[in-house]
Amino acid sequence: MTKTLSLAFILGAALMPAAHAQEINEFNIGILGGENAQDRMNSYACMQDYTEEALGVPVKLFAPADYNGVIQGLLGGTLDMAWLGASAYAAVYLDDPEAVEPVLVKINADGSHAYHSIGFALKDSGITSLEDMKGKSFGFGDPNSTSGYLIPSVEIPQETGASMESGDYFGEVKFTGGHEQTIVAVANGDVDGGVSWADGQGEWEDGYNSGALRKAVDAGLVDMTQLVEIWKSKPIPEGPVVLRKALPDDVKAKMTELVDNLYENDPDCAYGVFAGETLGAQPITHDAYESVIEARKAEIGG
């Protein structure tokens, strides 16, 4: 990857002097699950470099095995920034409303900031719809995933008239561990169908423009022509880039500016960080996630 980003372009003359960033000794970025840890680290390596340049402190990347690792890191103050799914943000907020603040949201190629939970199965299985999945095995990703659990666990029962409990409508319902694991499990025939996320734009053969399906295609893990879409959720608000609220204001300003300008200055880096094609990011506030927070509260009986 050729770096085209420079500190001058990222920060601009109006931002505070770098000396103020020395109020922190390091900066830690959490990366949600969805693909294997090394691929996630590779995708964020450019972000690590740019953050070190912007803040003048060592930057570490953390790619826990599951979503909860990032959630707990943000709640415990050991992580300073992460791109969360909407449900993961809701989990943090419901535990501690003062832990993080949403600052930016990824923008799709059409200017929207929504995506979908996508249900899929093997093409040669003969499964083409949820109706065909009755009595079959179904794979969720991570219990803290919006598209890999929360939304399909609400919307699919509305369509089937049955719960997501094993043996009710589906023969077996199980967690695979993450988006990549679900995609591979369906492709290998380990489960008959499952859900993952995509922006729903572009071509099916590419895994759409962005999302876990696109990343799986890029990694050579799946041939989308061997899969078929069997269900698609209503639009889901894209999750926010969040910063730890207790960070110094100048650090938050610099990191917000860095991510906000990432696509314009280094599209390749933005592609890796935001899981595919994007037009960059734009400001977002907590209000955008109130409906997802209420859905999560209802799901956990809060």
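A residue counts as buried when its relative accessible area is under 20%, and serine 153, with a relative accessible area of 11%, is therefore buried. The structure discussed here is a predicted model, and a search of the whole of it finds two cavities of 30 Å³ or more.

**The largest cavity**

- About 420 Å³ of space lies in the largest cavity, and of the 29 residues that line it, the closest to its centre are Leu32, Gly33, Trp83, Trp197 and Ala275.
- Helix 2 (37–55), helix 5 (146–160), helix 6 (179–188), helix 7 (212–218) and helix 10 (267–273) each contribute at least two residues to the lining of this largest cavity.
- Sorted by class, the lining of the largest cavity consists of 13 nonpolar, eleven polar and five charged residues.

**The second largest cavity**

- The second largest cavity holds about 60 Å³ of space, and its lining is made up of Ile29, Tyr44, Met47, Met81, Ala82, Trp83, Val241, Val259, Val273 and Phe274.
- By class, this lining has ten nonpolar residues, with no polar and no charged residues.
- Helix 2 and strand 3 (81–83) each supply at least two residues of the lining of the second largest cavity, and the largest share, three residues, comes from strand 3.
- Trp83 lines the second largest cavity and is also among the residues closest to the centre of the largest cavity.

- The buried residues of helix 2 are Arg40, Ser43, Tyr44, Cys46, Met47, Tyr50, Thr51, Ala54 and Leu55, and the helix is followed by glycine 56, whose phi is positive, near 70 degrees.
- In helix 3 (residues 67–76), the residues Tyr67, Val70, Ile71, Gly73, Leu74 and Leu75 are buried, and the buried residues of this helix pack against strand 1 (27–30), strand 3, helix 4 (86–95), strand 4 (100–107), helix 6 and strand 11 (240–244).

**Serine 153 and valine 154 in helix 5**

- Serine 153 lies in helix 5, and, leaving aside its neighbours within four places in sequence, serine 153 is in contact with Phe140, Met164 and Glu299.
- Valine 154 has its place in helix 5 as well, but at 32% relative accessibility valine 154 counts as partly exposed.
- Valine 154 and serine 233 are 79 residues apart in sequence, while their C-alpha atoms are 9.9 Å apart in space.

**Aromatic pairs**

- A pair of aromatic rings is described by two quantities, the distance of the centres and the angle of the planes.
- The count comes to twelve aromatic pairs, one of which joins tyrosine 89 and tyrosine 93 in a tilted arrangement, with 6.2 Å from centre to centre and 35 degrees between the planes.
- Tyrosine 89 and tyrosine 93 both lie in helix 4, four residues apart, which is about one turn of the helix; tyrosine 89 is buried, with a relative accessible area of 1%, whereas tyrosine 93, at 26% relative accessibility, counts as partly exposed.
- The rings of phenylalanine 138 and phenylalanine 140 have their centres 5.2 Å apart and their planes at 85 degrees, and because an angle over 60 degrees counts as edge-to-face, this pair is edge-to-face.
- Phenylalanine 138 is buried, with a relative accessible area of 2%, and phenylalanine 140 is buried, also with a relative accessible area of 2%.
- Phe138 and Phe140 belong to one aromatic cluster together with Tyr149, Tyr169, Phe170 and Phe175.

- Tyrosine 208 has a positive phi of about 65 degrees although it is not a glycine; tyrosine 208 lies in the loop between strand 8 (193–198) and helix 7, where it is buried, with a relative accessible area of 9%.
- Alanine 275, likewise not a glycine, has a positive phi of about 60 degrees, and alanine 275 is found in the loop between helix 10 and strand 12 (280–283).
- Alanine 275 is buried, with a relative accessible area of 9%, and is one of the residues closest to the centre of the largest cavity.

Key
Residues numbered from 1 in each chain as written. Predicted model: local features only at pLDDT ≥ 70, side-chain atom pairs only at ≥ 80, totals over all residues. Heavy atoms only, no water. 1 Å grid on protein atoms, 1.4 Å probe; cavity = no way out; pocket = protein on both sides within 12 Å on 5 of 7 lines; lining within 4 Å. Points joined across faces, edges and corners; volume = space filled by probe spheres on them. Nonpolar A, V, L, I, M, F, W, Y, C, P; charged D, E, K, R; others polar. Buried < 20%, exposed > 50% of the residue type's maximum accessible area, 1.4 Å probe, protein only. Contact = heavy atoms within 4.5 Å. Phe/Tyr/Trp six-rings, centres within 6.5 Å; stacked < 30°, edge-to-face > 60°.
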